[in-house]
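Here's a quick tour of a protein model for you to follow along with. Have a look at the fold, then work through the notes below.

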Amino acid sequence: MKKYNWLMAIGAVSMLGFLSQPALAVPTLTLSDGIAADTKVIVDNGVGDLNPASGVVLFSGSLGVFNINVTSGFTKPAVGSASAPEIDISSFNNATAAGTLTITFSEDGFTGFPGNIVADFGGTQMNGNITNTVLQNGMLVTTIGPLSDHSFAGSTTGSLTGGAPYSLTQSVVMNFSGAGNKSFDAHVSVAVPDGGMTVTLLGLGLAGLAGVGRLRQRLVQA
């Protein structure tokens, strides 16, 4: 009976540990023209994802006046990792009339902290303007734009806050003043300091060399 109770206790603790594990992150790509019925939400390896690779979400289709949309979102494990976060959106979008299209790509479970967000954004457009924002846990960290040049580019940095784990989201808002197209690439990475590990390893290496030197001296004296 005691052995049975002991096994039951181990099983209960194991099950509790399993249930307390965080849910697996699911990269999510969203395209919206402001009309709920048109909104496309595509999760990694879900309905509408044309790329079977983990960490890559690919959509191709239309919504509202935006008749051509080929959009990809990339994140871990395809690019970056939990400790070295990266998210990227690459997109071509064509409109048959004026309108606003918002593309977001999100992923969570990132652990690289503390660190600085590095955002790079560039592309081409026929009219209107375009803006890129980066959010951590839903809070704005950086903004690039609005940019209205035919060929546009920008970069910026911002600091992570709060701790880990955390989510990262890129949002690109495209305003079309008429029919035309836009294409862009928006990339975000997190520069995480090594926390002094390099200095620590260097110190340990120097200490080891000093120890070898002392040992050699003792052997010579002997």
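Where is Asn45 found? Asn45 is in the loop between S2 and strand S3 (56-63). This is a predicted model, where local features need pLDDT of at least 70, side-chain atom pairs count only at pLDDT 80 or more, and totals for chains, interfaces and linings use all residues. Residues are numbered from 1 along each chain as its sequence is written, and side-chain values use heavy atoms, with hydrogens and water left out.

**Overall picture**

- The protein chain has 2 helices and 12 strands; helices (H or I, at least four residues) and strands (E, at least two) are DSSP runs, numbered from the N terminus.
- Read from the N terminus, the elements go α-β-β-β-β-β-β-β-β-β-β-β-β-α.
- Of the 222 residues in the protein chain, 32% are buried; buried means under 20% relative accessible area, exposed over 50%, and partly exposed in between (1.4 Å probe, protein chains only).
- Take the contacts (heavy atoms within 4.5 Å) between residues at least 6 apart in sequence: 66% of them join residues at least 24 apart.

- The whole structure holds 1 salt bridge, meaning a side-chain nitrogen of Lys or Arg within 4 Å of a carboxyl oxygen of Asp or Glu.
- Lys76 and Glu107 form a salt bridge through their side chains, at 3.2 Å from N to O.
- Lys76 lies in the loop between strand S4 (66-74) and strand S5 (86-95), and Glu107 in strand S6, so the pair ties together parts 31 residues apart in sequence.
- Both Lys76 and Glu107 are buried.
- Lys76 also has its charged end over the ring of Phe110, 5.2 Å from the centre; a charge counts as over a ring if NZ of Lys or CZ of Arg is within 6 Å of the ring centre and within 35 degrees of the ring normal.
- Lys182 does likewise over the face of Phe176, at 4.8 Å from the ring centre.

**Aromatic pairs**

- There are 4 aromatic pairs; rings of Phe, Tyr and Trp (its six-membered ring) pair if their centres lie within 6.5 Å, with planes under 30 degrees apart called stacked, over 60 edge-to-face and the rest tilted.
- Phe110 and Tyr166 have ring centres 6.1 Å apart and planes at 35 degrees, so this pair is tilted.
- That pair links distant parts of the chain, 56 residues apart: Phe110 is in strand S6 (residues 99-110) and Tyr166 in strand S11 (residues 166-176).
- Phe110 and Tyr166 are both buried.
- Phe121, Phe152 and Phe184 are joined into a cluster by ring pairs.

- Going from Phe113 to Pro114, the peptide bond is cis, with omega near -5 degrees; Pro114 sits in the loop between S6 and strand S7 (116-125).
- Gly145 to Pro146 is also a cis peptide bond, with omega near 10 degrees, and Pro146 is in strand S9.
- Back to Asn45: its phi is near 65 degrees, positive in a residue other than glycine, and at 47% relative accessibility Asn45 is partly exposed.
- Asn137, in the loop between strand S8 (129-136) and S9, has a positive phi too, near 50 degrees.

**Who touches whom**

- Asn137 is partly exposed at 43% relative accessibility, and beyond residues up to four places away in sequence it touches Tyr166 and Ser167.
- Val192 lies in the loop between strand S12 (180-191) and helix H2 (197-221) and is partly exposed, at 33% relative accessibility.
- Leaving out residues up to four places away in sequence, Val192 touches Ser83, Gly112, Phe113, Pro114 and Gly115.
- Val192 and Ser83 are 109 residues apart in sequence, yet 8.2 Å apart in space, C-alpha to C-alpha.
- Thr142, in strand S9 (residues 139-147), is buried at 4% relative accessibility.
- Setting aside neighbours within four places in sequence, the contacts of Thr142 include Ile117, Ala119, Asn132 and Thr156.
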